[in-house]
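Subject: Structure for your review

Dear colleague,

Please find below the sequence and the structure that I am handing over to you. My notes on it follow directly after.

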Amino acid sequence: MARFLAWAGRQLGVVPPRPREVQQNLDLRRATDLAAGLVGQDSPRVDGAELHALLTPQVQRLFAAALEADRIQVERRHRYDEGAGRDPDDFGGHLSRRAASSGTGFPAAALRRVEELLGFHVAVQESSIAGAGRGLFLKGRTKAGTVIALYPGTVLLPGHIMQIPNVFDFLYPDDGHFLFSRYDGALIDARGAAQPPLAPDEDAFRRHLHSHLFSEPMPTPARDNIFGVGHLSNHPPAGSAPNAMMVGYDFESSMFRASADDAESLASLIPNAYFRPPSLIRGTYSPTVMMQSVILLATRDLEDEEVLTDYRLSPNQERPAWYAPVDSEEELRRWNEQAPVASSSVET
């Protein structure tokens with residue numbers, strides 16, 4: 001009852017919002033401004049539904065381009081398997097220089113087609129940040145407010161997480177920082193999509209534990225999506241600013257129906273899979289949401305550069321020596337569930 005009264009008070013404006021809610025509203029405001037500005041609109045009222053409506057046409061275009069890339073890749077594989085020879089753009093052990101340098105495993109013809117459709121494609125290559133390993137790059141150019149990549153991996157809903165005994169043994173260590181927590185409590189675990197892959201013993205432990213708990217293998221996405229590499233964006237070094245932001249996004253069951261002939265193929269390109277199938281009994285099922293996910297949104301115009309996102313690691317846990325906070329106040333609000341903040345202290 002106390003929680004309900006507190007929630008009702010915040011909805012009515014009687015009780016100040018909690019710091020985490022303040023930061024959530026700030027992030028929502030920023031993402032909405034960016035997405036609205038891209039299409040020349042004034043920012044609408046700020047709520048999740050408005051932002052989703054602005055982002056969905058972009059996501060649909062991104063998936064249409066990804067489907068073109070997938071078809072080119074399948075066609076090339078078929079030609080190669082039939083011994084029809086190969087051209088300079090082939091793949092596998094015979095990647096062209098451009099395709100090999102993209103790090104996505106797609107042939108150069110697919111990259112060209114995506115760039116024709118969108119004005120850019122994404123690539124995975126050595127980071128410009130010393131010691132960071134591989135990073136995510138945008139090739140071509142695009143405007144602020146553009147959806148540029150997708151965050152792949154296994155989706156654990158709050159109801160799933162509650163089912164896992166010794167949950168911290170399952171989730172940690174996360175030395176590569178591939179776990180992403182959405183504001184609604186959904187957790188995206190991209191370690192299965194890591195490049196290079198997880199250590200065999202660590203990955204085997206996670207899969208064994210899942211099979212032991214649920215008598216079924218861990219699910220994987222149906223197909224590769226050329227944009228499903230958002231987890232490989234790096235955190236900016238000290239003195240640098242991010243040029244993209246992570247935004248929670250729900251794939252709705254109806255979003256691909258307009259493309260009736262390709263609806264199933266487009267849906268299969270979602271680079272996420274549920275940890276367990278959603279269940280009405282466990283409170284993890286939604287009749288309208290096909291998959292919870294995360295997209296990367298450009299926060300400024302980009303051209304042939306590395307994509308950097310603020311990891312916003314919790315200040316309540318030990319953080320690596322290389323990590324430099326982008327905005328300490330945002331971090332504190334993001335991970336603070338406690339004392340309310342006076343509504344006049346932060347613009348929402």
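I begin with D174, which is buried yet has no salt bridge; the nearest side chain of opposite charge, R191, is 4.6 Å away. Buried here means under 20% relative accessible area, exposed means over 50%, and partly exposed lies in between (1.4 Å probe, protein chains only). A salt bridge requires a side-chain nitrogen of Lys or Arg within 4 Å of a carboxyl oxygen of Asp or Glu. For charge, Lys and Arg count as positive and Asp and Glu as negative, while His and the chain ends are not counted.

Please note that this is a predicted model, in which local features need pLDDT of at least 70 and side-chain atom pairs count only at pLDDT 80 or more, whereas totals for chains, interfaces and linings use all residues. Residues are numbered from 1 along each chain as its sequence is written, and side-chain values use heavy atoms, with hydrogens and water left out.

Surroundings of D174

D174 sits in the loop between α7 (167-171) and β5 (179-181). Helices (H or I, at least four residues) and strands (E, at least two) are DSSP runs, numbered from the N terminus. A polar atom of the D174 side chain lies 2.9 Å from the backbone nitrogen of F178. Not counting residues up to four places away in sequence, D174 touches L179 and R191, where contact means heavy atoms within 4.5 Å.

The chain as a whole

The chain holds ten helices and ten strands. Of its 348 residues, 45% count as buried. Among contacts between residues at least 6 apart in sequence, 67% join residues at least 24 apart. The chain exposes about 17700 Å², and carbon and sulfur atoms supply 52% of that area. Accessible areas come from the Shrake-Rupley method with a 1.4 Å probe; for residues, only the protein chains shown count as cover.

Salt bridges

The count comes to 14 salt bridges. In one of them, the side chains of D301 and K143 meet at 4.0 Å, N to O. This pair links distant parts of the chain, 158 residues apart: D301 is in the loop between β9 (289-298) and β10 (302-306), and K143 is in the loop between β2 (134-142) and β3 (147-150). D301 counts as partly exposed at 43% relative accessibility, whereas K143 counts as exposed at 51%.

A further salt bridge joins E330 to R312, with the closest N and O atoms 2.9 Å apart. E330 lies in helix α10 (residues 328-334) and R312 in the loop between β10 and α10, so the pair ties together parts that are 18 residues apart in sequence. E330 is partly exposed, with a relative accessible area of 22%, while R312 is buried, with 15%. Together with D27, R312 and E330 are linked in a network of salt bridges.

Within helix α10, R333 and E329 lie four residues apart, about one turn of the helix. Their side chains meet in a salt bridge at 4.0 Å, N to O. R333 is buried, with a relative accessible area of 15%, and E329 counts as exposed at 55%.

Helix α2 (residues 19-38) has 20 residues and reaches 29 Å from its first C-alpha to its last, close to the 28 Å expected at 1.5 Å a residue. That expected span is 1.5 Å times one less than the number of residues. The buried residues in α2 include D27, which belongs to the salt-bridge network described above. G37, also in helix α2, counts as partly exposed at 48% relative accessibility. G37 and A144 are 107 residues apart in sequence, yet 8.1 Å apart in space, C-alpha to C-alpha. Just after α2, G40 takes a positive phi of about 70°.

In helix α5 (residues 108-118), the buried residues are A108, A109, A110, L111 and V114. G119 follows α5 and has a positive phi near 90°.

The loop residue D224

D224 is located in the loop between α8 (200-214) and β7 (244-252). D224 is exposed, with a relative accessible area of 51%. Leaving aside neighbours within four places in sequence, D224 is in contact with D70, F106 and L269. D224 and P152 are 72 residues apart in sequence and 9.8 Å apart in space, C-alpha to C-alpha.

Yours sincerely

Definitions and conventions. A polar contact is a pair of N or O atoms within 3.5 Å; within protein, one must be able to donate a hydrogen and the other to accept it, and residues adjacent in sequence count only if both atoms are side-chain atoms.
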